[in-house]
Protein chains: 2
Amino acid sequence: MSENPGVRVQRAHLEDFCSKVFLQLGMTAQDAKDSAEILVAADARGIASHGIARLRRYVSGITTGVMKPQVQSEVVHRTPLSFVLDAKGGGGLSLSKQVMQEVIDTAKERGFATAAVRDSNHFGIAGYYAMMALPHDMIGVAMTNTAALGIPTFGRDVLFGTNPIAVAVPALHQPAYVLDMATTVVTRGKVEVYEREGKTLPAGWAVDSLGADTSDATALLEDMLVQAGGGILPLGGRGDSLGGHKGFGLAVLVDILTAVTSGGVFGRSVMDSERTSARVCHYFAAIRLDMFRDPLAFRTDMDRMLLEIRSARPAVGQERVYYAGLKEYESELDCTVRGVPLSMACWAALGKIAQELQVALPGTV
Amino acid sequence: MSENPGVRVQRAHLEDFCSKVFLQLGMTAQDAKDSAEILVAADARGIASHGIARLRRYVSGITTGVMKPQVQSEVVHRTPLSFVLDAKGGGGLSLSKQVMQEVIDTAKERGFATAAVRDSNHFGIAGYYAMMALPHDMIGVAMTNTAALGIPTFGRDVLFGTNPIAVAVPALHQPAYVLDMATTVVTRGKVEVYEREGKTLPAGWAVDSLGADTSDATALLEDMLVQAGGGILPLGGRGDSLGGHKGFGLAVLVDILTAVTSGGVFGRSVMDSERTSARVCHYFAAIRLDMFRDPLAFRTDMDRMLLEIRSARPAVGQERVYYAGLKEYESELDCTVRGVPLSMACWAALGKIAQELQVALPGTV
């Protein structure tokens with residue numbers, strides 16, 4: 001969500017602007033359109049950290065040649081149910097959409113399909129690709145490894161990224177279940193927000209270069225930048241008393257499924273440089289509901305489950321209980337009516353890009 | 001791990017005792033042998049909460065007729081890559097081993113296979129079934145839902161079980177990566193240990209009937225028993241500031257993959273009665289490494305990853321960094337030499353069962 005009051009822009013107008021920027025950077029018309037759609041979907045779903053605020057990374061990445069807008073990716077392994085792609089530094093967004101589409105097409109025919117991608121770039125929200133499976137009576141899965149910033153249980157040096165896991169499962173009348181979670185407690189973006197606002201970090205988010213609790217956002221970000229030690233904790237926090245070893249285990253699982261499967265880069269070798277993002281690896285899968293049951297029966301039971309969750313009694317002081325994907329669905333509905341919210345900082349950054357690349361900024365709502 | 005100094009018994013002798021108990025309870029020789037092996041594997045891997053300490057549950061379950069030792073399970077759905085089984089209240093242990101074996105056999109032929117089981121019983125450690133895939137150059141997956149004891153994010157009533165996720169991935173020379181994690185912060189067994197020892201619960205483990213933090217193990221266990229509200233928190237703790245919504249999301253995912261797939265019971269309807277365990281649902285999958293890469297290359301990269309983790313600098317005050325499955329592997333090695341450790345309480349309980357069923361207790365080491 002935006003930190004401060006900002007502006008709102010019609011979703012289609014924001015996508016159009018973003019697409020024109022990508023066109024200017026040398027993408028094909030289709031890739032520019034797809035990439036814009038995926039980035040803006042993050043903003044619409046209330047995950048601004050992974051949305052159009054990252055457009056600058058693409059401008060830098062493509063300008064410096066680290067991201068290659070039109071490179072030819074190569075299938076390096078193929079079976080009837082799977083394939084592995086070398087992205088060769090291509091853009092993560094449109095390429096990942098194509099890969100997931102092929103996974104879905106194969107699953108349509110065979111019931112299940114999976115793919116891994118190496119040497120790719122930032123792909124936006126993992127949930128976007130998992131959700132592509134929903135209209136096809138399928139469960140969708142997407143993961144990516146990311147630049148190392150996470151501290152292993154009992155450790156002090158970064159060893160893995162935020163390594164998100166997304167799984168989308170269709171229901172009948174209820175909005176779909178869409179889990180889209182970093183396997184770290186928080187992302188770097190959240191720490192940066194705390195730094196900008198001069199707030200101390202909550203206990204359980206991060207450790208310093210000795211592996212001890214830290215609440216100092218500025219020192220943490222500096223330590224992480226120069227890899228002095230210190231970083232963000234896995235889901236479950238420091239040590240193993242609250243299950244930090246489980247979050248760490250999940251982060252490693254994502255590294256295995258994305259990078260060991262694809263022959264890509266994992267662990268502490270996945271590193272951003274000062275000017276560009278790390279090359280990363282992705283994982284995708286889709287499985288048809290009728291591998292298990294009649295899809296209508298499956299979806300009907302999903303509705304029963306999701307309604308049970310939504311109607312659960314809230315804790316004292318809380319308004320309601322919700323399931324994964326419900327808030328994001330509501331955010332998308334809201335954006336359809338009121339436009340997509342952008343922070344003033346993001347809006348200013350877009351203004352700068354618009355000027356540099358001679359693309360007209362969209363109007364605000 | 002055992003709470004108190006106890007005894008040690010040779011693994012084979014413990015399995016033999018356990019197998020004879022199951023035989024007395026009416027299992028076939030093969031089912032008794034398999035079930036014993038699976039239960040004792042938990043003790044050998046240092047997960048005593050899921051081991052032979054649960055033998056009493058089987059005695060009660062089978063005696064009261066809730067667990068049916070020789071019921072005929074039924075395949076209710078089948079595709080070339082998948083099947084769904086109605087266990088009809090059969091024993092979870094040996095049945096689950098047979099299901100995972102069939103999943104592996106199908107994956108050998110087709111690259112991937114999956115199965116869901118409904119109306120089953122406690123199946124021991126999920127990791128056992130995931131690990132069955134390891135010798136076959138496959139990744140193995142196993143999950144189960146369990147009796148509801150977990151509180152959804154922002155809620156106050158139990159809505160899901162410990163719902164463990166296990167994934168096993170083979171390496172080359174390094175012990176395999178074996179994630180086997182409850183999606184709650186802790187299991188009920190841990191809370192019971194705190195109650196017995198009169199210790200207050202750490203913050204972040206559980207909430208009371210209003211959904212507020214609680215440190216009172218006795219009140220919590222009573223509230224959970226009568227479903228007054230209150231229960232154990234998902235991985236990530238209370239609220240969403242430390243990612244509790246992620247642990248909750250994972251618990252729901254396990255309920256979907258085990259119960260919605262199989263047409264079984266999920267959510268708060270999965271309930272233990274006073275004398276017996278709840279009927280539960282399982283999920284299994286296996287995928288061949290060569291769906292992605294040459295297995296030797298895959299395993300070699302796994303070794304690189306696991307060695308990077310093992311050799312990571314520990315935090316000040318910590319001895320070492322380890323990966324999922326490493327401690328459990330070391331525990332198994334230790335048990336081979338020194339015998340399987342059992343707490344005095346467990347040993348006494350086994351003595352009582354031995355007497356009731358006229359089976360000789362094994363000697364201690």
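This is a predicted model: local features need pLDDT of at least 70, side-chain atom pairs count only at pLDDT 80 or more; totals for chains, interfaces and linings use all residues.
**Entry 1**

I started with the strand order. Seven strands of chain B make an open sheet that runs β2-β3-β4-β10-β5-β6-β7, and the pairing is mixed. I then looked at the edges, where β2 (74–79) and β7 (177–181) of chain B each have a single partner strand, so one side of each is left without a neighbour in the sheet. From one strand to the next, the twist averages 10°.

**Entry 1: a helix on the sheet**

Next I asked which strands helix α4 of chain B touches. Helix α4 (residues 92–110) packs on the sheet and contacts β2, β3 (82–86), β4 (112–120), β5 (138–144) and β10 (280–288) of chain B. Its direction makes about 25° with that of β10(B).

Strand β6 (residues 165–169) of chain B pairs with β7(B) in the antiparallel sense, over five bridges. I picked out one partner: Ala166(B) is bridged to Asp180(B) in β7(B).

**Entry 2: positive phi**

Then I turned to the backbone angles. Most residues other than glycine have a negative phi. Lys88(B) is not a glycine, yet its phi is positive, about 50°. I found Lys88(B) in the loop between β3 and α4 of chain B, and its relative accessibility of 30% makes it partly exposed.

Asn163(B), also not a glycine, has a positive phi of about 35°. Asn163(B) sits in the loop between β5 and β6 of chain B. Is Asn163(B) buried or exposed? I get a relative accessible area of 0% for Asn163(B), so it counts as buried, the cut-off being under 20%.

**Entry 3: aromatic pairs**

I counted ring pairs over all chains and got 19. In chain A, Tyr128(A) and Tyr129(A) pair edge-to-face, at 5.5 Å centre to centre with 75° between the planes. Both Tyr128(A) and Tyr129(A) are buried. Tyr128(B) is buried at 15% relative accessible area, and Tyr129(B) is buried at 0%.

**Entry 4: charges over rings**

Last, I looked for charges above ring faces in chain A. Arg78(A) lies over the face of Phe83(A), 5.2 Å from the ring centre. Lys199(A) lies over the face of Tyr194(A), 4.5 Å from the ring centre.

Notes
Residues are numbered from 1 along each chain as its sequence is written. Chains are lettered from A and ligands numbered from 1 in the order in which they are written. Side-chain values use heavy atoms; hydrogens and water are left out. Two strands pair if DSSP finds at least two bridges between them. Helices (H or I, at least four residues) and strands (E, at least two) are DSSP runs, numbered from the N terminus. Axes are lines fitted to C-alpha atoms, for helices over the stretch in contact, and angles run from 0 to 180 degrees between N-to-C directions. Contact means heavy atoms within 4.5 Å. Buried means under 20% relative accessible area, exposed over 50%, partly exposed in between (1.4 Å probe, protein chains only). Rings of Phe, Tyr and Trp (its six-membered ring) pair if their centres lie within 6.5 Å; planes under 30 degrees apart count as stacked, over 60 as edge-to-face and the rest as tilted. A charge sits over a ring if NZ of Lys or CZ of Arg is within 6 Å of the ring centre and within 35 degrees of the ring normal.
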